[in-house]
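Subject: Structure for you to look at

Hi,

Here is the structure I promised to pass on. My notes follow below it.

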Protein chains: 2
Amino acid sequence: MEPIIITAKGCNKDDYTHHGNMFLTGNGAMGVRGTLCEYRSEYMPAVNLCGIYDRVGDGWREPINAPNGLFAELSADGRKLSLPDSEYSEHKVSLNIRDGIYERETDFITDSGCVCFSEERIVSLADPNLILQCLTVRSDHAAEICAHTEIDGNVWDIHGPHLENFVCGEKDNICYVSAVTHEKSIPINVRETSEYDFPAEERRAVSDKSSFRDISFTAKPGESYKIYRKISVTAGKEHDLSSLGSYENEKAKHIAKWHGIWDVSYIEIDGDEAAERALNYSLYQLNCIAPRHSRSASIAARGLSGQVYKGAVFWDTEMFMLDYFLYTEPQVARTLVKYRIDTLGGALRKAASYGLDGAFYAWESQEGGYDACSDYNVTDVFTKRPMRTFFRDKQVHISSAVVYALDKYVEITGDTSVLNEGGYDVLTECAKFYRSLLLKKCGGDKYEIRDVIGPDEYHERVNNNAYTNAMARFVFRAAAKYTGSQEYKALADEIYMPKINNDGVIEQFDGYFDLEDCCIDEVRSRLLDPKEYWGGAYGVAAHTQVIKQADVVAMLSMLPDEFSDDVKKANLKYYEPRTEHGSSLSACMYSLLSCAVGDPEFAYPLFMKSAEADLRPGGKEWAGLVYIGGTHPAAEGGAWKVAIFGFAGLEIKNSEIICSPRLPKAWKSMRFKINYRGDIYDIQINGGDWSVTKL
Amino acid sequence: MEPIIITAKGCNKDDYTHHGNMFLTGNGAMGVRGTLCEYRSEYMPAVNLCGIYDRVGDGWREPINAPNGLFAELSADGRKLSLPDSEYSEHKVSLNIRDGIYERETDFITDSGCVCFSEERIVSLADPNLILQCLTVRSDHAAEICAHTEIDGNVWDIHGPHLENFVCGEKDNICYVSAVTHEKSIPINVRETSEYDFPAEERRAVSDKSSFRDISFTAKPGESYKIYRKISVTAGKEHDLSSLGSYENEKAKHIAKWHGIWDVSYIEIDGDEAAERALNYSLYQLNCIAPRHSRSASIAARGLSGQVYKGAVFWDTEMFMLDYFLYTEPQVARTLVKYRIDTLGGALRKAASYGLDGAFYAWESQEGGYDACSDYNVTDVFTKRPMRTFFRDKQVHISSAVVYALDKYVEITGDTSVLNEGGYDVLTECAKFYRSLLLKKCGGDKYEIRDVIGPDEYHERVNNNAYTNAMARFVFRAAAKYTGSQEYKALADEIYMPKINNDGVIEQFDGYFDLEDCCIDEVRSRLLDPKEYWGGAYGVAAHTQVIKQADVVAMLSMLPDEFSDDVKKANLKYYEPRTEHGSSLSACMYSLLSCAVGDPEFAYPLFMKSAEADLRPGGKEWAGLVYIGGTHPAAEGGAWKVAIFGFAGLEIKNSEIICSPRLPKAWKSMRFKINYRGDIYDIQINGGDWSVTKL
């Protein structure tokens, strides 16, 4: 594998949100936003921690951003050199996704000449608590340099401040900032060492929430001065920095880990460099947030890119991200599945709170399965009042995603041990949950599921959403398959499935076809405020057939064996023009289904949209004054699904690996590996031909 | 019976809405708003026709206002004498409710002295198509008078113009204006004769939509000049004015009819003249709109006071107005019940359109049971967009009101003939309808009714509304009782009834007790716009326990035998402070229940509020620029119910008339009559004693 480098040149003040996401580094335990090291909280730097949540007052519960140990700022001859304000001749940020290394290089212009400042940033894949940072200064003239490095406790928070009781200090050449979270007093410790081999004067000091060093030295023209920093971040026990190897040693271990990942994950596409680059970049993002530090953890909808969406785990993980790990690193998939098993308690409590049986998983899951989703999740732009939304209580398809993932995990890996470690309970409790949703009319012969929201969130409180009913049936079948339950087998046959009309189109929910059938532009033209919510009771889309995202199409993509190609084609054709794709989960579902029906050209732009979700600026970044941006791991996982299941047409049938290639025209060939039941297979697609080789 | 005169003195330009209602005259076939005879359409005069509806374009379907044959305007010595602009020394409008006669008298001041103009107005109770109007002119000085009378076709319309193809003319001394309705080309004919016995010059002429006469004469000082007008209004065949008796003769017939009504209806209250007056006035209003001209017709929610609420029949008739007629003039009650029997077809079609069985009666019923209720019945004050409302499709309790009324009619009158004339079909089809609403959980033992609106319209799409479920049970029991159906008997026992909590309070619907419990003033204080809708998905009341009107309390009032006094007391106490009484149907329900639990003092102000609904100005008259005022016959019917069933405590038990008096303190005694199974009974209450005498 050649290195793939993602680069941005020049510094635009407004790039900080997009670059924060695009240049993210991370190791699953923590994510470091790709902002510049001299950026303070207004530019939203973050060392975002996996699974550590906090709540302040009535604000949303959200994950912690640890004190930013990466802060570093230069001054030369007493003048601060700092972006975005200082003058520069060249500035470049790049990300080497093969090695997992972030680099930044800036040539600052001073009165006396040029001072080059560069940073190498590594969030160690070998040590979940370790960040490496190497700062390099090179001046083309003699200059008095001061490198100010800091553990900055004034972190960016959306609903904070989450940290309190700060203790800042230094001891034995280690700077530290410790604090505890507001809600549960979880200790957060950041510690830092600096090493350099040139003469310098060092001053260490603290402020209320920070601990810093000023390393002052005289730079000779043309000479490079390097400061090697090791920064540990822990929730709980402090990290023993002295036990670590040298910077280069730790860096080598990190790179080796990344190379190990790419050995299996890397996908070669001959004929389409842009796609190859975007797709592998997508896998880079997924690997930065894969929870390898734990045996039971999951991935938030915005990964580790900040506090957006409360750092909560959505169905995105099960439906969009799981497959990539399942086929490349099953241990990560197991960790994701185990998270749901271990949060069953929260799901049981949630169901009970609604008077329902079994397990109703959290729509926005935090630790222990706590549902962070509010009953008032949207603010009315006209009245500024919170609007009652039903994501938490009516989006009942969430539990089916958990079962779907568990079933896939067992089917693909053959690892039935998760079943005995709680998987059976999940199956049984989710089946119980759906059973308790079933309603039969007096004298009726089928069970209905009423008053739900399907994947398309623009239509609230609908009856017999096709996706929901089909997934409930899937759950009953899975429960029957694993537990032998005859009752669930029978219920699967008794659940009402929306009819297919004469054109082969499945009605998204009861009465959908009666809604106004108008185009997306028409609906958009009715907006009185560009920021108003399209859904809800009175939104512009609510009483039309315009939908937010794949719904029937998601069902057809997720349950491909249950529907014919003709039905898939008809529904793709019907629903695509009616879909706003207002969710990053949408495009890949359409793309996948297009491949399934043999139309990779239609699929291609939707695939690229998914794969480039974090490479392109734009998208919905702000809801009023609230930042809702961040990385899009579900779109990235979706891109992998399209490439592998869609274009390559990979299937496992009777334990055999089979491909049905339908490559986009531009793709001459494609090569990738999968891990199937412990063995690595090398798969090559050349046009319509394919081969699989066990390595 | 002494005459009861309702009077208003002086002319205030803004009185026209309130006076139009308070001084209404009518005979069931038509209602004439109590506006002045010289008022043109901007002051909203109306000759409102029962049961003749029209729709123009996308406007609401609403009843017709016929060309206004009552228009009359005076001039003296070439100067117009016309309110509200001309100078006057005295002006008085009065209504003699005993005789059913409207009178107006104005002393206009002219440069030469005083000209007195008076009008007597009678909407004949003896002839459903006849209006009598006597104009009197008396000048205190010699004056050249011109009385301009007109059939004014430029009528007040809310969503019109409804009339077209006007033909205006005069023939054989009869002036006429004919037109047809827009939608169905129903011919509307207004004809007029004038008689007078003094020398005058008469000019008759027509304009586009009007036909008029100018009667010019020289008035001698102090002498009265009378013009007797007979105006016929018909939808369909023209009326033969020549076959009528003299004005005085027709007037006498009219008065005799009113006296006949009062012979049974009049209620004496000793010790509280205000209550006596208001209560009998309420009965006046009900009698003006009782459809005696038909064997199958009903009463609109705003009676015949205009086009508000589309002239449609709501549950108001069955639940609030029926009883008065049932106990005083059963033939009218039969006509009301027959209307629902004869509109069963519309109810069957409506149910089928929602995929339901049986009869789902119109929420806003027009001819043939057509449901005039729109899916978008409220306009959002913030966006000016129509809001999706659910009155039409979710207020399923409407069909139970029809069965309730039918059952009461048969129980009280013993007239089972209505059953064979379609009543059985109504019972069966309504029971089928509720059966098709029943849902049972998988493994459940009770049937639920989900996703409805109860009487309290501020809470949409709720499950297991206590009122709705209890009334559905009532329907099943009624169906079982009349048809012997064992299935419905069983269903009545299988329907889920909301639990009674430890305090004896019945939860209005599933989850009501979990809503924010805050006071009405608090909810009101959250309004951003005084005109915003309290209900809907996001209204200020929607997520609180504040309700629009009696709901659980309506259930307890309507089904008194099914609940204990303790439960009634507990719910009255709980719900009253949480009730906005935003509907005129609310107060009387609370009042009635207060009497039932022995608290007539609490009941009294609520009773007066109902009885005086049209005697006091104010109330909700405007929704933005749309007039929503009119008379309040349901409140007036409710006042009768409180007086008779509440304060007097009348019950029929095993065919025996029983009273349980609980008079308000101020009431020394009370005397009234009822018609029970063809006999008239005189009932006297003296404090806690009572007697009943068959006449």
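Which residue in E23(A) does Lys440(A) stand opposite? Tyr447(A).

First, the conventions. This is a predicted model: local features need pLDDT of at least 70, side-chain atom pairs count only at pLDDT 80 or more, and totals for chains, interfaces and linings use all residues. Residues are numbered from 1 along each chain as its sequence is written, chains are lettered from A and ligands numbered from 1 in the order written, and side-chain values use heavy atoms, without hydrogens and water.

The sheet around that pair: strand E22 of chain A covers residues 439–441 and pairs with E23(A) over 2 bridges, in the antiparallel sense. Strands here are DSSP E runs of at least two residues, helices H or I runs of at least four, numbered from the N terminus. Pairing needs at least two DSSP bridges between two strands. The open sheet has 4 strands, ordered E23(A)-E22(A)-E22(B)-E23(B), with antiparallel pairing. E23 (447–448) of chain A and E23 (447–448) of chain B are the edges; each has a single partner strand, so one side of each lacks a neighbour in the sheet.

Now chain A as a whole. It has 17 helices and 30 strands. Its radius of gyration is 26 Å, close to the 26 Å from the globule rule for 695 residues, so it is as compact as a globular protein of that length. That radius is taken over C-alpha atoms, and the rule is 2.2 Å times the number of residues to the power 0.38. The C-alpha trace spans about 90 × 55 × 55 Å along its principal axes.

Best wishes
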